[in-house]
Amino acid sequence: MCARPRSVRRFAKGPVKTNYHQHTTWCDGHDDAETMIRAAIDRGFDEIGFSSHARLPDVVEGNLTPDSAPAYAAEIRALAAKYADRLSVRLGVEADYIPGDTTPEKVRYAHLGLDYLIGSIHWVVAPDGAHVPVDWSPERLVEGVKAHFGGDYETYVRTYFVQEREMVARFDFDVLGHPDLVRKFNGRLAYFDETAAWYQDELRLTAEAIAASGKIVEINTGAIARGWMDDVYPSAAFRALLRARGVRFLLGSDAHAAAGIDCAFERYGDEAGRLDKLPLPNLVSI
Ligand SMILES: [Zn+2]
Ligand SMILES: [Zn+2]
């Protein structure tokens with residue numbers, strides 16, 4: 001689990017502390033946006049961004065809806081104005097890629113006037129068209145791979161990365177969320193070997209696709225806060241492949257509660273190639 005950080009206001013090398021990946025009661029988070037902002041001020045953040053789950057225009061439980069999304073955007077902008085003298089608050093969305101269903105494209109979100117868009121994969125589409133949940137629970141993952149991939153975890157993992165390579169190549173989002181989320185339950189289930197040649201091949205191919213896309217990759221500490229593994233996404237091996245290809249990183253906590261907003265930031269804040277801030281203007285426009 002995440003230790004309460006020492007009262008670190010700044011990273012050792014970086015002049016600013018930022019986090020662009022966090023959830024609130026607007027989607028599946030536990031705390032409201034103002035509570036998150038106050039916690040961020042207490043923890044010495046200079047700039048934060050909100051990234052509610054969304055698959056607009058679809059209505060999906062735990063996600064923004066066409067009706068709630070404008071209200072979310074208005075609240076975040078109002079709070080940004082209210083706290084402007086304390087820290088900078090940005091407006092974003094974490095959008096899913098589910099082939100045949102939803103895409104992380106700015107055109108879907110342009111009416112919200114976002115500052116940035118995170119593209120993430122939480123569902124792998126199986127050959128029979130079923131959506132297998134990557135990070136819901138170990139039980140649902142086992143059920144899904146058994147029912148829709150014939151229990152073949154290698155094919156499931158490869159399909160995840162094929163989907164990710166498609167996503168970075170095809171869509172105009174800014175930040176790639178948790179690029180190897182398939183590792184989330186691997187510590188618990190040990191369903192694949194991260195040192196296997198086929199897995200290393202997938203990482204290399206995916207690193208090449210990400211580098212070609214110009215996307216920023218987040219170093220996501222969310223699994224540490226929630227106790228699933230004592231490591232970030234992407235793994236050290238994946239980060240090395242990305243870094244060697246010039247990919248830039250942002251540190252993000254994927255916090256779903258105020259207590260986890262800077263979980264393990266002291267361990268990963270000085271990563272080589274990490275940006276302090278999301279480069280702006282990244283304003284979503286069409
Ligand atoms: Zn996510
Ligand atoms: Zn998230």
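Ala264 is found in the loop between β9 (249-252) and α9 (265-268), where helices (H or I, at least four residues) and strands (E, at least two) are DSSP runs, numbered from the N terminus. The model is a predicted one, in which local features need pLDDT of at least 70 and side-chain atom pairs count only at pLDDT 80 or more, whereas totals for chains, interfaces and linings use all residues. Residues are numbered from 1 along each chain as its sequence is written, and chains are lettered from A and ligands numbered from 1 in the order in which they are written.

The backbone of Ala264 has a positive phi, near 65 degrees, in a residue other than glycine. Ala264 is also buried, because 22 other C-beta atoms lie within 10 Å; a residue is called buried if 20 or more other C-beta atoms lie within 10 Å of its own, exposed if 12 or fewer, and partly exposed in between, with C-beta atoms placed from the backbone. The loop between β9 and α9 also holds Asp254, a residue other than glycine whose phi is positive as well, near 50 degrees. Asp254 has 27 C-beta neighbours inside 10 Å and therefore counts as buried. Most residues other than glycine have a negative phi, and most peptide bonds are trans.

One joins Leu56 and Pro57, with omega at about 5 degrees, and Pro57 lies in the loop between β2 and α2. Another joins Tyr233 and Pro234, with omega at about -10 degrees; Pro234 is located in the loop between α7 (222-225) and α8 (236-244).

The strands form an open sheet of seven in the order β1-β2-β3-β4-β7-β8-β9, with parallel pairing, two strands being taken to pair if DSSP finds at least two bridges between them. At the edges stand β1 and β9, each of which pairs on one side only. Strand β1 (residues 18-19) is joined to β2 in the parallel sense over two bridges, with Thr18 opposite Glu47 of β2 and Asn19 opposite Ile48 of β2. Strand β2 is itself mostly covered, since seven of its eight residues are buried.

In helix α1 (residues 33-42), the buried residues are Ala33, Met36, Ile37, Ala39 and Ala40. These residues lie on the same side of α1 because they cover an arc of only 165 degrees around the axis, the arc being that of the directions from the helix axis to the C-beta atoms. Their cover includes β2 (47-54), α2 (68-82) and β3 (88-96). Following α1 is Gly44, whose phi is positive, near 80 degrees.

Helices α4 (residues 153-170) and α6 (residues 197-213) pack at an angle of about 10 degrees, with their axes 9 Å apart; axes are lines fitted to C-alpha atoms, for helices over the stretch in contact, and angles run from 0 to 180 degrees between N-to-C directions. The two helices are therefore roughly parallel to each other, a description applied to angles under 35 degrees, with those over 145 counted as roughly antiparallel, 65 to 115 as roughly perpendicular and the rest as oblique. Among the residues that make the contact are Val157, Phe161 and Arg165 of α4 and Trp198, Leu205 and Ile210 of α6, contact requiring C-beta atoms, placed from the backbone, within 7 Å. The residues of this contact divide into nine nonpolar, two polar and five charged, where Ala, Val, Leu, Ile, Met, Phe, Trp, Tyr, Cys and Pro count as nonpolar, Asp, Glu, Lys and Arg as charged, and the others, Gly among them, as polar.

Note on methods:
Two residues are in contact if their C-beta atoms, placed from the backbone, lie within 7 Å.
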